[in-house]
Amino acid sequence: MVTIIADEGKNQIGMELYQGLISKEVKTEYILLDNVEVKPCVSCGGCTYKTYGKCTVRDDGDFIYPKILRSNVLIFVSPITFGSYSFKIKRVFDKIGLIMDRHYFVENKEIVKGGKLGSKFKFFAIGDKENCIEEEIIAFQNLFHENLIITRGIGKAYIADKTLSEEMRNQIIEEVRSV
Amino acid sequence: MKNILLFHVSPRQKGTSYVLLQMCMEYLSEKGHICELMHLYPNLNNPEKIRETVNRADTLVFSGPCYINTYPADTIALLEDLSVHREVLHGQYIYGIIQGGMPYPHTHESGLSMLEMFCKKCDLAYKGGFVMGLGAMLNGQPIKKLPNSKKINRQLQIFFEHIDKEEDSPRQVYQVAQFKVPSLVYRIMSSTMNRKIDNDLTNHGIDVKQRSPYFISE
């Protein structure tokens with residue numbers, strides 16, 4: 001299963017991709033963050049000692065993290081915000097450690113964290129470059145590259161402009177099916 | 001003499017980001033600057049107060065932890081709020097401090113890039129930052145506990161001096177402080193840390209091999 005988590009802003013990039021995946025019979029969940037609230041990670045340590053592997057705060061993360069955990073592929077759709085993810089996407093991402101292996105590994109001569117529990121972390125991000133300066137796109141791609149390193153993930157970042165071209169949509173679908 | 005706002009953007013009030021910011025404040029206060037320290041999280045519902053404080057400052061120094069390669073989400077919300085209230089932004093000088101567990105600067109540098117992009121879009125002067133790895137080892141203790149503390153301390157003083165003199169602080173300032181060991185040592189470190197994690201959990205009565213509660217709770 002593929003899970004798309006989208007902060008769409010004024011656009012519909014995540015929905016366009018969702019429809020494309022469904023039309024190709026790829027089982028897909030679409031989560032729009034408009035009316036979703038994931039409270040901030042405050043590094044309280046509760047997910048270690050109080051409720052191991054689960055956030056102690058009850059919010060919409062309660063339905064989001066199980067979906068990510070059960071998915072083969074996670075796709076974030078986010079307006080590029082100062083070269084990073086949007087606030088809403090980042091609130092979800094800040095707690096991704098909840099469903100990741102806590103152990104350390106050495107890859108490419110560097111220490112990295114363990115990746116997703118039980119399977120490879122397959123991760124894509126689509127950054128919407130509307131209102132962006134060129135350097136933000138580079139910063140976003142660098143950030144995504146670092147995300148893959150730290151999570152031992154595989155995947156790719158795409159840059160869209162307000163909408164998904166048919167070519168990019170098909171390319172993403174192919175990539176998602178092949179990882 | 002300048003008005004310097006030391007903006008603590010970590011949710012933990014007395015963690016490593018705070019230790020670094022306090023060192024910065026001590027240095028700059030001794031140089032005669034008027035320093036004000038603000039914590040973001042207790043003021044999340046008080047954006048007016050944040051904006052007023054930002055407006056008073058000539059220089060801002062952000063300090064926070066690295067959550068999955070950049071500052072936490074609420075720093076993004078803070079920057080967005082400031083960018084839509086441009087009346088409080090008047091060309092201030094911006095510096096950043098970001099610290100995280102991994103020893104490599106590249107893991108955390110996207111946080112500084114985010115500040116730089118914010119500055120470019122809001123006509124502020126991004127002047128550089130300081131990345132410190134191994135921050136999680138400290139957990140709010142003084143930096144002398146780090147294996148590379150002498151280097152870190154020396155380079156931090158250089159960084160603080162740049163802030164004092166309103167100079168650009170290049171990447172090399174923190175890069176030379178990086179904790180560097182052969183990859184074999186990293187292997188030993190990761191095995192040691194993994195054993196520590198497992199023992200700690202076991203001592204708390206937690207089964208390290210249990211399935212994620214999220215598998216059950218959906």
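In this predicted model, 50 residues of chain B are in contact with 55 residues of chain A. The two chains bury about 4,600 Å² between them, and 66% of that area falls on carbon and sulfur atoms. The size of an interface is often given as the accessible area lost when the parts come together. Across this interface three salt bridges are found. In one salt bridge between the chains, the side chains of Asp74(B) and Arg91(A) meet at 2.8 Å, N to O.

Pro11(B) also has contacts in chain A. Its place is in the loop between E1 and helix H1 (16-30) of chain B. Leaving aside neighbours within four places in sequence, Pro11(B) is in contact with Cys41(A) and Val42(A) as well as with Tyr41(B), Pro65(B) and Tyr67(B). Pro11(B) has a relative accessible area of 11% and is therefore buried, the limit being under 20%. The C-alpha atom of Pro11(B) is separated by 8.7 Å from that of Pro72(B), a residue 61 places away along the chain.

**Nonpolar cores**

The largest nonpolar core has 58 residues, and the members that touch the most others are Phe7(B), Val54(B), Val61(B), Phe62(B), Phe118(B) and Ile143(B). Helix H4 (residues 105-122) of chain B gives the largest share of this core, seven residues. Another core, of 41 residues, lies apart from it and includes Ile80(A), Ile89(A), Tyr104(A) and Phe121(A).

Which residues surround Phe62(B), leaving aside its neighbours within four places in sequence? Phe62(B) is in contact with Phe7(B), Val9(B), Tyr71(B), Leu78(B), Leu79(B) and Leu115(B), and also with Ile94(B), Tyr95(B), Gly96(B) and Ile97(B).

**Strands**

Strand E4 of chain B spans residues 93-99 and pairs with E5(B) in the parallel sense over seven bridges. One bridge joins Tyr93(B) to Ala125(B) in E5(B). Together with H4(B), these two strands make a right-handed β-α-β unit. Strand E5 (residues 125-132) of chain B is mostly covered, with six of its eight residues buried.

In chain A, strand E4 (residues 104-107) and strand E5 (residues 110-113) pair in the antiparallel sense over four bridges. Tyr104(A) has Lys113(A) in E5(A) as its bridge partner. E4(A) and E5(A) form a hairpin with two residues between them, and Asn108(A) in the turn has a positive phi of about 50°. E4(A) has two faces: Tyr104(A) and Val106(A) are on the covered one, while Phe105(A) and Glu107(A) are on the uncovered one.

**Salt bridges**

Side chains of opposite charge can pair when their charged atoms come close. Over all chains the count comes to 19 salt bridges. Some pairs within a chain are set out below.

| Pair | N to O distance |
|---|---|
| Glu107(A) and Arg152(A) | 3.3 Å |
| Glu166(B) and Lys2(B) | 3.6 Å |
| Arg56(B) and Glu36(B) | 3.0 Å |

Glu107(A) and Arg152(A) meet in a salt bridge. Glu107(A) lies in strand E4 of chain A and Arg152(A) in the loop between helix H5 (134-151) and strand E7 (154-160) of chain A, so the pair ties together parts 45 residues apart in sequence. Glu107(A) is partly exposed, at a relative accessible area of 30%.

Glu166(B) and Lys2(B) meet in a salt bridge. This pair links distant parts of the chain, 164 residues apart: Glu166(B) is in the loop between helix H6 (149-164) and helix H7 (172-175) of chain B, and Lys2(B) is in the segment before strand E1 (3-8) of chain B. Both ends are partly exposed, Glu166(B) with a relative accessible area of 24% and Lys2(B) with 31%.

Arg56(B) forms a salt bridge with Glu36(B). Here the separation is 20 residues, with Arg56(B) in helix H2 (residues 47-56) of chain B and Glu36(B) in strand E2 (residues 34-39) of chain B. Arg56(B) counts as partly exposed at 45% relative accessibility, as does Glu36(B) at 35%. Salt bridges that share partners also join Glu48(B), Arg51(B) and Asp81(B) into one network.

Definitions and conventions. Residues numbered from 1 in each chain as written. Chains lettered and ligands numbered in written order. Predicted model: local features only at pLDDT ≥ 70, side-chain atom pairs only at ≥ 80, totals over all residues. Heavy atoms only, no water. Core = buried A, V, L, I, M, F, W, Y, C linked by side-chain atoms within 4.5 Å. Buried < 20%, exposed > 50% of the residue type's maximum accessible area, 1.4 Å probe, protein only. Contact = heavy atoms within 4.5 Å. Pairing = 2+ DSSP bridges. Right-handed = clockwise from strand over helix to strand, strands pointing away. Buried area = accessible area lost by both parts, 1.4 Å probe. Salt bridge = Lys/Arg side-chain N within 4 Å of Asp/Glu carboxyl O.
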